[in-house]
Amino acid sequence: MKKFLLASLILALFFVSCGTKRNTTLKNTNGRPNSSASSSSSSSSNKGTSTSGLDYIDRYKGIAIEEMNKYGIPASIKLAQALLESGNGNSYLATRANNHFGIKCGGTWNGKSVNRPDDSNNDCFRVYNDPEQSFRDHSQFLLRKRYENLFTLKKDDYKGWAKGLKAAGYATNPRYPELLIDLIERYNLQQYDRAEAPVEVIARVEKVEEVIEEKEVEEPQVPVEEIKKPVAMLIYEVKATDTMYSIARKYNVTVETIKQLNGLSSDAVTVGQLLVVSK
């Protein structure tokens, strides 16, 4: 009965949407463009992109698409989160631990780890064999009851996912959805998302439900917060009189830090642009 109701709901939503569109120490431990989005193109041209950001996307878009097709997490969402968490792949965890999403050890991790200051001076973070393993583990991290409702969204609904992640407690910053959407549209990441037929949606959601139920039985009861602290980055909205230098002074950081956090190669800013100024 549950699957029948789910199937009916997804089919109804699909047809409604169709109608709308027409109109530091390592150790072992246990424990192409979317022509329909003219506003996105405008956002991209106005806010600027980073060469390092584009290179990062080109390298990891394949694994993001692969994971999207398995579980329904939009490739655009995964890439945007990775850009933020890893500073375009330049963070310590990304370069030394292949950890592109800042995921902590938690009670379910049996692989290598590295200790870094975060909530405490010696927090434990996961170490992966390669970045692709980190991207896969990010999917597994989201396959929990806390995020279950997100997987009923279509895998090209990046705005729904951005808002849903915040609602489910992934991030503490109230502007987190806007930041993800800003990144996605600046880099046109939505071009990597793929629509699904109703039958595909039903099959995928049922598969995800089974995985989540199995994980609940197999994994120890570890609060999500103990595995990865919710993202609490400080986000600033650019005003008419701002410059990159004035913003850096305001938050006592360097211009280069702001550029790296936001994947920018230029000092230019535009009114209304959202910038990560601290993490």
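Mentor: Let's start with the layout: the protein chain has 12 helices and five strands, where helices (H or I, at least four residues) and strands (E, at least two) are DSSP runs numbered from the N terminus. Keep in mind that this is a predicted model, so to speak of local features we need pLDDT of at least 70, side-chain atom pairs count only at pLDDT 80 or more, and totals for chains, interfaces and linings use all residues. Residues are numbered from 1 along each chain as its sequence is written, and side-chain values use heavy atoms, with hydrogens and water left out.

Of the 279 residues in the protein chain, 51% count as buried; buried means under 20% relative accessible area, exposed over 50%, and partly exposed in between (1.4 Å probe, protein chains only). The chain exposes about 13700 Å², and carbon and sulfur atoms supply 51% of that (Shrake-Rupley areas with a 1.4 Å probe; for residues, only the protein chains shown count as cover).

Now the core itself. The largest nonpolar core has 53 residues, and Ile77, Leu142, Tyr147, Phe151, Leu165 and Leu189 touch the most other members. A nonpolar core here is a set of buried Ala, Val, Leu, Ile, Met, Phe, Trp, Tyr and Cys residues joined through side-chain atoms within 4.5 Å. Helix 3 (51-71), helix 4 (75-86), helix 6 (131-142), helix 7 (158-167), helix 8 (176-186), helix 9 (198-218) and strand 5 each supply at least two residues of this core. Helix 3 gives the most, with eight residues. There's also a second, separate core of 11 residues, which includes Met244, Ile247, Ala248 and Val277.

Leaving aside neighbours within four places in sequence, Phe151 is in contact (heavy atoms within 4.5 Å) with Tyr71, Ile73, Leu142, Leu143, Trp161, Arg204, Val205 and Val208. Two of those names come up again. Trp161 is buried in helix 7, along with Tyr158, Ala162, Gly164 and Leu165. Tyr71 has the charged end of Lys207 over its ring, 5.4 Å from the centre; a charge sits over a ring if NZ of Lys or CZ of Arg is within 6 Å of the ring centre and within 35 degrees of the ring normal. Arg116 does likewise with Tyr92, lying over its face at 3.7 Å from the ring centre.

Just after helix 7, Gly169 takes a positive phi of about 95 degrees. Asn188, in the loop between helix 8 and helix 9, has a positive phi near 55 degrees despite being a residue other than glycine, and at 15% relative accessibility Asn188 counts as buried. Asn98 also has a positive phi, about 55 degrees, although it is not a glycine; Asn98 sits in the loop between helix 5 and strand 2.

Cys105 and Cys124 form it, with their sulfur atoms 1.9 Å apart (the cut-off is a pair of cysteine sulfur atoms within 2.5 Å). The torsion about the S-S bond of Cys105 and Cys124 is about -70 degrees, so the disulfide is left-handed. Cys105 is buried, at 3% relative accessibility.

Back to the rings: the whole structure has 10 aromatic pairs, meaning Phe, Tyr or Trp rings (six-membered for Trp) with centres within 6.5 Å, where planes under 30 degrees apart are stacked, over 60 edge-to-face and the rest tilted. Tyr236 and Tyr251 have ring centres 5.7 Å apart and planes at 65 degrees, so they're edge-to-face. Tyr236 lies in strand 4 (residues 234-237) and Tyr251 in the loop between helix 11 (244-250) and helix 12 (255-262), so the pair ties together parts 15 residues apart in sequence. Tyr236 is buried at 9% relative accessibility, whereas Tyr251 is partly exposed at 25%. Elsewhere, Tyr56, Tyr60, Phe101 and Phe135 form one aromatic cluster.
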